[in-house]
Amino acid sequence: MKLRIIYNNNRYIYVSPENEESFVDILKTINPNIIYSSERNL
């Protein structure tokens, strides 16, 4: 599974964490303003 991290409104990077949910939780502890959206059902 890949996650796309968007920053500076138009730049992005793809990451493949072993545990997506845990990874997002860790990022949110660093920056609570992070918005997570799953687009898999599109």
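Is Tyr-14 buried, partly exposed or exposed, and what is its relative accessibility? Tyr-14 counts as partly exposed, at 45% relative accessibility, where buried means under 20% relative accessible area, exposed over 50%, and partly exposed in between (1.4 Å probe, protein chains only).

The views below show a predicted model, in which local features need pLDDT of at least 70 and side-chain atom pairs count only at pLDDT 80 or more, while totals for chains, interfaces and linings use all residues. Residues are numbered from 1 along each chain as its sequence is written, and side-chain values use heavy atoms, with hydrogens and water left out.

**View 1. The protein chain as a whole.** From the N terminus on, the elements run β-β-α, which comes to one helix and two strands; helices (H or I, at least four residues) and strands (E, at least two) are DSSP runs, numbered from the N terminus. Along its principal axes the C-alpha trace spans about 25 × 25 × 15 Å, and buried residues make up 10% of the 42 residues.

**View 2. The hairpin of strand 1 and strand 2.** The two strands run antiparallel and are joined by five bridges, where pairing requires that DSSP finds at least two bridges between two strands. Three residues lie between the strands of this hairpin, and in the turn Asn-8 has a positive phi of about 55°. Arg-4 stands opposite Tyr-14 in strand 2.

**View 3. The aromatic pair.** A search of the whole structure finds one aromatic pair. This pair is formed by Tyr-12 and Tyr-14, edge-to-face, with 5.7 Å centre to centre and 80° between the planes; rings of Phe, Tyr and Trp (its six-membered ring) pair if their centres lie within 6.5 Å, and planes under 30 degrees apart count as stacked, over 60 as edge-to-face and the rest as tilted. Tyr-12 is partly exposed, with a relative accessible area of 47%.

**View 4. The nonpolar surface patch.** Ile-6, Tyr-12 and Tyr-14 form this patch, with about 340 Å² of accessible area together, by the Shrake-Rupley method with a 1.4 Å probe, for which only the protein chains shown count as cover for residues. Ile-6 has its place in strand 1 (residues 3-7) and is exposed, with a relative accessible area of 51%.

Methods
Patch = residues over 30% accessible without salt bridge, like charges linked within 9 Å, V, L, I, M, F, W, Y side chains within 5 Å. Salt bridge = Lys/Arg side-chain N within 4 Å of Asp/Glu carboxyl O.
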